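Please read them with the structure open beside you.

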Amino acid sequence: MAKLAIDGGKQTKTKAFPKWPYSNEREIELVGEVFSSGNWWRMTGNKVKTFEQNFAALHNVKYCLGVTNGTHAIEIALTALGIQHDDEVIVPAVTFISTGSAVIYVNATPVLVDVDPETFCMIPEAFEKAITPRTKAVIPVHMAGHACDMEAICAIAKKHNIKVIEDAAHAHGGQCNGRMIGSYGDMSIFSFQNGKIMTCGEGGALITNNEDLYKRAYLIHGVGRPDRDRVYEHSVLGSNDRMNEFSAAILIAQQERLRAMNKKRDENALLLDSLLFNVEGIKPQGRKDYATLITHYMYMFYYDPNAFNGLSRKDFVDYLIAEGIPAFICFPVLSDTTFFKNNDFYGRINAFEQLASNDISNAKNVASNVVWLPHFTLLGDEQDISEIAAAIKKIQEAVYMK
Ligand SMILES: *Cc1c(COP(=O)(O)O)cnc(C)c1O
């Protein structure tokens with residue numbers, strides 16, 4: 001019986017996972033060009049423009065706007081779409097905080113709806129059921145890169161005249177029904193934060209096919225100032241959310257490897273699914289037919305302590321980390337965060353009660369039972385993947401021997 005690494009035994013992992021962020025000479029070359037050009041600002045350089053063209057082309061849309069981060073991208077999209085006080089925006093109950101907090105940032109009310117227990121993505125019927133006369137937008141999140149059912153969501157949104165903002169922070173280059181994720185929504189957002197599958201440390205982007213929305217977003221992200229303005233004309237209220245040339249240089253290089261990395265992660269995720277298939281108490285995120293390219297920002301799975309002699313999820317994660325496998329517990333449902341609990345939505349307690357009254361039991365189940373591994377664990381070779389499965393099996397055996 002192998003001794004657990006947490007108890008001083010030998011680690012299951014025999015070699016390091018690929019490091020993240022990944023970079024090579026290509027990043028250095030492009031960042032060097034920015035350095036020596038002396039153009040460090042998007043208004044004088046060409047790297048942000050090139051990145052925007054490349055990223056729009058990848059997603060088959062007309063316009064892309066590089067911004068400071070994904071959170072700001074959601075705020076800009078909501079503002080460009082005219083979402084404001086008294087409006088409601090429907091979001092999945094389990095997601096990273098920004099999907100919901102951005103809605104509050106524009107003084108609107110986030111309404112939480114349930115997710116599918118297999119894909120962890122918003123249930124279209126739950127979205128439709130939550131619609132009220134105040135509903136102005138919906139933000140489906142492609143969880144871990146598994147596409148939401150965008151055909152169904154867009155059909156419902158169209159019927160009720162609701163705007164769609166895709167939160168594709170996990171889904172760069174992913175697909176739904178063979179169509180690019182991010183090309184369905186009125187606007188879609190991406191994050192390039194350090195852990196994301198394409199990164200420049202901090203960064204974000206908005207994409208859209210709508211010229212008017214693009215122009216509005218452009219103004220908002222640049223303190224309301226039109227392109228090439230030299231007379232300090234500020235036509236709308238905006239903040240400064242501009243991407244700088246260094247970030248864009250890195251992103252140009254990162255995008256060149258995205259396709260190959262997405263493919264690699266999907267192959268390895270399928271392999272890991274098969275290795276964990278017979279492990280009691282472990283059930284990976286499912287895979288619907290319409291999710292034709294899953295980017296796997298995270299490898300997510302349900303963990304059942306009953307199949308691990310009662311070992312808590314938190315301890316399981318610590319045991320995995322000790323075995324050399326980086327792991328995390330899932331984010332809480334938004335309404336369980338301290339911030340949401342303490343927010344009265346500008347005195348509109350009614351809105352909060354409504355928000356809390358939707359059935360979000362699947363989301364609660366995901367939040368309390370899911371464990372995830374970061375995407376770079378899926379960028380390694382077959383040995384890396386088999387060592388992940390071996391570590392889980394080792395822990396399962398050992399907890400019954402203790
Ligand atoms: C990371 C993330 C964001 C926010 O992106 P930042 O660049 O970190 O601001 C938004 N939504 C989801 C689902 C995310 O995971």
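1. A pocket, as the word is used here, is an open set of grid points where a 1.4 Å probe fits, with protein on both sides within 12 Å along at least five of seven lines. The model is predicted. Its second largest pocket has a volume of about 290 Å³. The lining of this second largest pocket is made up of 20 residues, and nearest its centre lie Phe 96, Ser 98, Ala 169, Ser 191 and Lys 196.

2. Which elements give two or more residues to the lining of the second largest pocket? They are helix H3 (70–80), helix H4 (97–105) and strand S8 (187–191). H3 gives the most, with three residues. Sorted by class, the lining of the second largest pocket holds eight nonpolar, nine polar and three charged residues.

3. The second largest pocket is the space taken by the ligand. H3 and H4 are the elements that give two or more residues to the shell around the ligand. That shell has 15 residues, and the closest to the ligand are Gly 70, Thr 71, His 170, Ser 191 and Lys 196. By class, the residues of the shell divide into three nonpolar, 10 polar and two charged.

4. In Thr 71, a side-chain N or O atom is 2.5 Å from an oxygen atom of the ligand. In His 170, a side-chain N or O atom is 2.6 Å from an oxygen atom of the ligand. In Asp 167, a polar side-chain atom lies 2.8 Å from a nitrogen atom of the ligand. How much of the ligand's accessible area does the protein cover? On its own the ligand has 380 Å² of accessible area, and the protein covers 93% of that.

5. The largest pocket is lined by 21 residues, and Arg 42, Met 43, Lys 49, Tyr 218 and Asp 227 are the closest to its centre. Two or more lining residues come from each of helix H2 (47–58), strand S1 (63–67) and helix H7 (211–221). H2 has the largest share of this lining, four residues. The lining of the largest pocket divides into eight nonpolar, two polar and 11 charged residues.

6. The largest cavity has a volume of about 90 Å³. Among the residues that line the largest cavity are Ala 269, Asp 273, Arg 287, His 296 and Tyr 299. Helix H8 (245–276) and strand S11 (298–303) each supply at least two residues of that lining, and the largest share, three residues, comes from S11. By class, the lining of the largest cavity has six nonpolar, three polar and two charged residues.

7. The second largest cavity has a volume of about 30 Å³. Its lining consists of Trp 20, Tyr 22, Ile 197, Gln 254, Arg 257 and Met 261. By class, the lining of the second largest cavity has four nonpolar residues, one polar and one charged.

How values were computed: Residues are numbered from 1 along each chain as its sequence is written. This is a predicted model: local features need pLDDT of at least 70, side-chain atom pairs count only at pLDDT 80 or more; totals for chains, interfaces and linings use all residues. Side-chain values use heavy atoms; hydrogens and water are left out. On a 1 Å grid over the protein atoms alone, a cavity is a set of points where a 1.4 Å probe fits but cannot get out, and a pocket is an open set with protein on both sides within 12 Å along at least five of seven lines; lining residues have an atom within 4 Å of a point. Ala, Val, Leu, Ile, Met, Phe, Trp, Tyr, Cys and Pro count as nonpolar, Asp, Glu, Lys and Arg as charged, and the others, Gly among them, as polar. Grid points are joined across faces, edges and corners, and a volume is the space filled by probe spheres set on the points. A residue is near a molecule or strand if one of its heavy atoms lies within 4 Å of it. A polar contact is a pair of N or O atoms within 3.5 Å; within protein, one must be able to donate a hydrogen and the other to accept it, and residues adjacent in sequence count only if both atoms are side-chain atoms. Accessible areas come from the Shrake-Rupley method with a 1.4 Å probe; for residues, only the protein chains shown count as cover. A molecule sits in a cavity or pocket if more than half of its atoms lie within 2 Å of its grid points.
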